[in-house]
Amino acid sequence: MANRPLSPHLQIWKWGPHMAVSILHRITGDGLALVGLGVLLWWLGSMAAGEAAYATFAGIMGSPVGMIVLVGLSWAFFTHMMSGLRHFVLDIGAGYELDTNKTWSILSPVIAIILTALFWAVILLK
């Protein structure tokens, strides 16, 4: 028994940006599935229920709390998308070099923040 290798766990592995991006990918996917689906169904249901229900939806989503939810959903979308693209490149066999992997692990969330800011700038400046 003494010669058996230890199973790797979080105390052995050194944390890196690739691990954080992988966990963030899972969290944003769950958030989009749960919160995003809830908002989508509420939006569709309010449109089907009539003007008063849609006005309630629009009023809540136009409030500061609603805007935080919408900005959060768009950030989760862009973060999940960028991480998914990173994983796609890894799946085709590229980007496994340590420096390349670390660079794209850092750039994925940064690009997602920039895309979110640009998305909301376009929406709010129209």
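Leucine 40 counts as partly exposed because its relative accessibility is 38%, where buried means under 20% relative accessible area, exposed over 50%, and partly exposed in between (1.4 Å probe, protein chains only). This leucine is located in helix α1; helices (H or I, at least four residues) and strands (E, at least two) are DSSP runs, numbered from the N terminus. The model is predicted: local features need pLDDT of at least 70, side-chain atom pairs count only at pLDDT 80 or more, and totals for chains, interfaces and linings use all residues. Residues are numbered from 1 along each chain as its sequence is written, and side-chain values use heavy atoms, with hydrogens and water left out.

Leu37, Leu40, Leu41, Trp43, Leu44, Met47 and Tyr54 make a nonpolar surface patch of about 630 Å². Patches are made of residues with over 30% relative accessible area and no salt bridge; like charges are joined within 9 Å, and nonpolar side chains (Val, Leu, Ile, Met, Phe, Trp, Tyr) within 5 Å. A salt bridge is a side-chain nitrogen of Lys or Arg within 4 Å of a carboxyl oxygen of Asp or Glu. Helix α1 (residues 17-49) supplies the largest share of the nonpolar patch, six residues.

With a relative accessible area of 2%, threonine 28 is buried. Its side chain reaches the backbone oxygen of histidine 25 at 3.1 Å, a polar contact (a pair of N or O atoms within 3.5 Å; within protein, one must be able to donate a hydrogen and the other to accept it, and residues adjacent in sequence count only if both atoms are side-chain atoms). Leaving aside residues up to four places away in sequence, threonine 28 touches Trp75, Ala76, Thr79 and His80, where contact means heavy atoms within 4.5 Å.

In helix α2 (residues 51-62) lies phenylalanine 57, which is buried at a relative accessible area of 8%. Residues up to four places away not being counted, phenylalanine 57 touches Val39, Trp42, Trp43 and Ser46. Serine 105, in helix α4, is buried with a relative accessible area of 1%. A polar atom of its side chain lies 2.7 Å from the backbone oxygen of asparagine 101. Serine 105 touches Pro17, His18, Val21 and Arg86, again without residues up to four places away in sequence.

## The chain as a whole

The secondary structure of the chain comprises four helices and zero strands. The radius of gyration of the chain is 20 Å, well over the 14 Å that the globule rule gives for 126 residues, so the chain is more spread out than a compact globule. This radius is taken over C-alpha atoms, and the globule rule is 2.2 Å times the number of residues to the power 0.38. Along the principal axes, the C-alpha atoms fill a box of roughly 70 × 35 × 25 Å.

Of the 126 residues, 22% are buried. The accessible surface comes to about 9000 Å², of which 74% belongs to carbon and sulfur atoms; such areas come from the Shrake-Rupley method with a 1.4 Å probe, and for residues only the protein chains shown count as cover. Among contacts between residues at least 6 apart in sequence, 69% join residues at least 24 apart.

## The end of the chain

Lysine 126 is placed in the segment after α4 (98-124). This lysine is exposed, with a relative accessible area of 83%.
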